[in-house]
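Welcome, and thanks for joining this short tour. Open the structure in your viewer, keep the selection tool handy, and follow along stop by stop.

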Amino acid sequence: MKIHAMENFRVVIIPDEPWWLSKDNLGMTQENFGKWSRACMEIIEQIKRHVDGFTDIYLDHDSREICSFCEGTWEEDDKGCPVCCQRAVDKWEEAQSPEEPKEATDAKE
Ligand SMILES: [Zn+2]
């Protein structure tokens with residue numbers, strides 16, 4: 001069975017628009033990357049002392065599909081059969097076997 005795993009939890013900080021970011025200085029240039037990097041490092045230093053200089057903080061995480069049996073990354077072959085472990089394959093094959101349609105009473109898992 002496929003489960004949705006959350007990982008790499010982190011707090012993301014969106015810095016204020018810096019004073020140097022004028023309408024004629026918006027380019028994706030090495031100079032601006034350096035300025036953004038220094039601006040973010042300044043915020044980090046500020047946060048280490050006290051919270052200041054940012055617009056928003058929110059919790060974020062990466063997501064990926066994993067197998068509930070082996071916790072490997074969920075991948076399927078071209079028929080939709082999982083490829084990570086035999087238990088996942090067995091469960092998939094069980095779901096593929098033609099049976100009479102059951103009522104929704106078998107809703108476990
Ligand atoms: Zn698996």
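Which residues does C84 touch, leaving out those up to four places away in sequence? Select C84 and look around: its contacts of this kind are C67, C70, G72, W74 and E75. Keep in mind as you explore that this is a predicted model.

**Stop 1: staying with C84**

C84 sits in the loop between β2 and α2. C84 and T73 are eleven residues apart in sequence, and 7.5 Å apart in space.

**Stop 2: E71**

Next, select E71, which also lies in the loop between β2 (54–67) and α2 (86–96). E71 is exposed, because 12 other C-beta atoms lie within 10 Å, and 12 or fewer counts as exposed. Look at the backbone here too: the phi of E71 is near 65 degrees, a positive value in a residue other than glycine.

**Stop 3: the start of the chain**

Jump to M1, in the segment before β1 (2–15). M1 is partly exposed, with 13 other C-beta atoms within 10 Å. How far apart are the C-alpha atoms of M1 and W92? They are separated by 8.1 Å, although the two residues are 91 apart along the chain.

**Stop 4: the whole chain**

Zoom out and show the cartoon view. You will find two helices and two strands, and from the N terminus on they run β-α-β-α. Of the 109 residues in the chain, 4% count as buried. Among contacts between residues at least 6 apart in sequence, 53% join residues at least 24 apart.

**Last stop: colour by confidence**

Finally, colour the model by pLDDT. The mean for the chain is 76, and 67% of its residues reach 70 or more.

Methods: Residues are numbered from 1 along each chain as its sequence is written. This is a predicted model: local features need pLDDT of at least 70, side-chain atom pairs count only at pLDDT 80 or more; totals for chains, interfaces and linings use all residues. Helices (H or I, at least four residues) and strands (E, at least two) are DSSP runs, numbered from the N terminus. A residue is buried if 20 or more other C-beta atoms lie within 10 Å of its own, exposed if 12 or fewer, and partly exposed in between; C-beta atoms are placed from the backbone. Two residues are in contact if their C-beta atoms, placed from the backbone, lie within 7 Å. pLDDT is the predictor's confidence in each residue, from 0 to 100.
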